[in-house]
Structure formats: structure tokens, C-alpha cells
Amino acid sequence: MPRRVKVRVPATSANMGPGFDCLGMSLCLYNEVTAEVLDGPGLEIQITGQGAQSLPRNAHNLLYQTMESFSKSVGKQLPGLRLTLHNDIPSTRGLGSSATTIVAGLAIANELLSTGKTRDDLLQMATEMEGHSDNVAPAILGGIVIAGYDPTGNQVLFKRFTLPKSVHAIVAIPTFEVSTDQSRAALPDVIPRLDAVFNVCQVGMMMAALATGDFLTFAQFANDRLHEPYRLPLMPGADGAIAAARSAGANCVTLSGSGPTLLALCESDGDVTGRDRIDSIMSAFHSSLTTASMSVQVLQLDPDLTGFVIES
Ligand code: HSE
């Protein structure tokens, strides 16, 4: 058994407009966990960064609970542990922080217990724990992933894509929190058929575009009628910020996961015009949301291509 394992897991942006609960991408912002085996039994948890004031430092911690579930499922016992967490991903903002924790817990337990599970195995377990695949799949695999249960409901299948290197992501992260449960409660149980047909077409076109590396078509179809129309009213200034970012050159703007973060994607070759476009989108987000009295952090977070990374 290794005595020390470190894992780094990326943030994710789920749904990407119409791909509710099945489509997401990973982003270059990370939480890191180091697990060290103690000489005897026990649990020590240290947390720095996001959530340092609020996350539990005992057996109720989601990371430890995930590790315990993993160890039970493989019929092994966890050793005494010191877990050191450093979180750069803000929690309850729509950047997949809880999925990150689940993925970190599974990946670390898999290494510590030398159980040899593959990324695909971990995806099955993580999806069952999270309830949907759109954050855990890109956190495990990197890139853009569409994933969901096969028709028997027993196995998660996925397709992974990457965007062209010229595509950049910009996120506007409001300081207020929206829990996924609260944001899901705003959704209707029944939606009009026309809206369902609209979303089917958008996702189909996005997938066809990803398969051929056609970012502009992908972005053109990143529109949603299943969840965004019900969630955006929970976020003052969001409609204005989306319009402002589009006018500033964003190819698409979506609610990130269940919000309140907004995700913009734009194409830029790194030339002066491209850099100007990124800066314009960042300032459009910032000024429109602060005008709506929202406190917000705006970051350029490019796509992550690797998913979680283990260092033993
Ligand atoms: N697909 C999920 C939702 C992502 O939109 O509720 C947030 O966990």
C-alpha cells in the first residue's frame, strides 16, 4: 500500500446549455488532496482555500465518506489517514466542487487500497454517487464529455471530445451561493413538447459539431429550454450579463451547472484581436453584473484536457 497519494481534480461546467445532466467540460481550476497513511488508526483533516471555514474536518466530510463507500464496495478497510485538502474551486457556484470531491475520494481510495479500478470503473461509481454524470465524467476524463446510462440503466456510457486549442473559456462567478437542490427545485416536472424538441435538436447539432471539430456550430446550438429559463430568474443580472458577453464576442454563454456561475466560450488564436475579445468578454461580465449589484469574480479558465491526475 502506498503511504502517500496526491490527487488533483479539475473544476467542471455541466449542462453547457441544452445537455442537462449529461454534457460537461473540465476547466483549469483545481482542488488538490494529499492522503498520508498514519502509523495507527485515526482521521486528521486539514483544509485550506475554498470551504476552509465551512467544510467538516471529521468523518462527515464528503471526501472521507466517499473513500469509506469505496473501501466497503471493494471489501477492504481504510487505514488511519491524514487528509490535506487545498481547494481553489468555489463551492455551490456551479463549478462541480462536490463532483470534484467524489472523484478525488474514489481516485485516492483506489490508489491507497491498490484496487486497480480503471477510470471507466470510477465513472460508474461516481455517477451513481452524484446522481448524474455531467460533472463527474469530465472531472475523470478531461475535455468535453457526454455521458449517461445505457437503456438497461446499469452502465454509464460516454463519448469524449476536445475543443480546438483556439477555444477559451471565461467564467463569471458570483459571490452568492446556489445549492444544486435549490436550483433543481425550480425546475418543472413537465415541459412543453416544443421545448423538448428544441433541446433535442440543439444537443444533436452540438454533438455532430464536436465530432467534426466545428466549434462555431457547437457554440451556435448551445441554447437551452429545459432549465436555464427557470433558473436564470434566480440570478439577478444574468440575462443582461449573457447579452453583454455575447455582444463582446462570446460564441456562446451558458449557465454553468445549476448556477450561479456563467460560462462563456470564445475562439481566439492568441493574436491581439483574440486577446482583446477575451478581455472584452471579461469586462462585459464584470460591468453588467456589478451594475446589477452583484459581486462577481471573472476568470479566464481554459479547458482542462486530462481530468484527475494522481501523484504517488
Ligand atoms: N446537471 C446538474 C444540474 C448539474 O443542472 O442540476 C449541477 O450539479
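## Salt bridges

A salt bridge is taken here as a side-chain nitrogen of Lys or Arg within 4 Å of a carboxyl oxygen of Asp or Glu, and by this rule the count comes to 8 salt bridges. Side chains of opposite charge can pair when their charged atoms come close. In one of these pairs the side chains of Arg3 and Asp39 meet with 3.0 Å from N to O. The pair links distant parts of the chain, with Arg3 in the segment before S1 and Asp39 in the loop between S2 and strand S3 (43-49), 36 residues apart; helices (H or I, at least four residues) and strands (E, at least two) are DSSP runs, numbered from the N terminus.

## Basis of the model

The structure is a predicted model, in which local features need pLDDT of at least 70 and side-chain atom pairs count only at pLDDT 80 or more, while totals for chains, interfaces and linings use all residues. Residues are numbered from 1 along each chain as its sequence is written, and side-chain values use heavy atoms, with hydrogens and water left out.

## Two domains and their interface

An automatic or database domain assignment supplies the domain bounds, and the chain is divided into domain 1 (4-161 + 305-311) and domain 2 (167-301). The centres of domain 1 and domain 2, taken over C-alpha atoms, are separated by 24 Å. The contact between them (heavy atoms within 4.5 Å) takes 25 residues from domain 1 and 38 residues from domain 2. Buried area is the accessible area (1.4 Å probe) that two parts lose on being put together, summed over both; for domain 1 and domain 2 it is about 2,200 Å², with 68% of it on carbon and sulfur atoms. Pro18, Phe20 and Arg93 supply 29% of the area that domain 1 buries against domain 2, more than any other three residues.

Across this interface the rule finds 2 salt bridges. It also finds 13 residue pairs in polar contact, both residues being at pLDDT 80 or more; a polar contact is a pair of N or O atoms within 3.5 Å, where within protein one must be able to donate a hydrogen and the other to accept it, and residues adjacent in sequence count only if both atoms are side-chain atoms. On the side of domain 1 that touches domain 2, strand S1 (4-14), strand S2 (23-37) and strand S5 (144-149) each supply at least two residues, and the largest share, 5 residues, comes from S2.

## Ligand surroundings

The side chain of Asn15 has an N or O atom 2.8 Å from an oxygen atom of the ligand, and a polar side-chain atom of Asn135 lies 3.4 Å from a ligand oxygen atom. For Asp21, an N or O atom of the side chain is 2.5 Å from a nitrogen atom of the ligand, and Asp21 also forms a salt bridge with Arg184, whose closest N and O atoms are 2.7 Å apart.

## Backbone details

Gly259 and Pro260 are joined by a cis peptide bond with omega of about 5°, and Pro260 lies in the loop between strand S8 (252-255) and strand S9 (262-267). Met16, in the loop between S1 and S2, has a positive phi of about 50° although it is not a glycine.
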